[in-house]
Amino acid sequence: MAKKIDANQPLIVQCLRDCGATVVSTATVGKGFPDLIVGYGGRNFLFEIKTEKGKLHQVQQDFQDEWRGQVSTIRSFDDAWHIIEQELQR
């Protein structure tokens, strides 16, 4: 059974692609794995998408707590782009 994507995901994906990012939806992976893998500027980003009032499920929080790389929860394209810019400045 396919996992339901958040209503804001298509717009976030389109905006990221419009900026030149490579985006793969991983929403159907499950087990807390984030919704998107984004490649930009030679870096990879994992993003869990939530709506404005959405909250992480425990399995998603566990994944983020245990992951030893970059993973972020975003609610908009602006959230994603801010994280990308910050990481690229490191």
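In which pattern do the helices and strands follow one another when the chain is read along the sequence? The order is α-β-β-β-α-β-α, and the legends below describe views of this predicted model.

**Figure 1. Overall fold of the chain in the predicted model.** The chain contains three helices and four strands. Its radius of gyration is 12 Å, close to the 12 Å that the globule rule gives for 90 residues, so the chain is as compact as a globular protein of that length. The C-alpha trace spans about 35 × 25 × 25 Å along its principal axes.

**Figure 2. The open sheet of four strands.** The strands are arranged in the order β1-β2-β3-β4, and their pairing is mixed. At the edges lie β1 (22-25) and β4 (72-74), each of which pairs on one side only. From one strand to the next, the twist averages 30°. As a general principle, strands of a sheet pair through backbone hydrogen bonds, either parallel or antiparallel.

**Figure 3. The antiparallel pairs β1 with β2 and β2 with β3.** Four bridges connect β1 and β2; Val23 has Val38 of β2 as its bridge partner. Five bridges connect β2 and β3, and Tyr40 stands opposite Arg43 of β3. The hairpin of β2 and β3 has two residues between the strands, and Gly41 takes a positive phi near 60° there.

**Figure 4. The parallel pair β3 and β4.** Strand β3 (residues 43-49) is joined to β4 by three bridges. Ile49 has Ile74 of β4 as its bridge partner. Helix α3 packs on the sheet, where it touches β2 (36-40), β3 and β4. The direction of α3 makes about 150° with that of β3.

**Figure 5. Packing of helix α1 against helix α3.** Helix α1 (residues 9-18) and helix α3 (residues 77-88) pack at an angle of about 40°, and their axes are 9 Å apart. The crossing of α1 past α3 is right-handed. On the α1 side, the contact is made by Ile12, Cys15 and Leu16; on the α3 side, Phe77, Ala80, Trp81 and Ile84 take part. By class, this contact of α1 with α3 has seven nonpolar residues, with no polar and no charged ones.

Note on methods:
Residues numbered from 1 in each chain as written. Predicted model: local features only at pLDDT ≥ 70, side-chain atom pairs only at ≥ 80, totals over all residues. Heavy atoms only, no water. Axes fitted to C-alpha atoms, helices over the stretch in contact; angles between N-to-C directions. Left-handed = near helix turned anticlockwise from the far one by under 90°. Contact = heavy atoms within 4.5 Å. Nonpolar A, V, L, I, M, F, W, Y, C, P; charged D, E, K, R; others polar. Pairing = 2+ DSSP bridges. Rg over C-alpha atoms; globule rule 2.2 N^0.38 Å.
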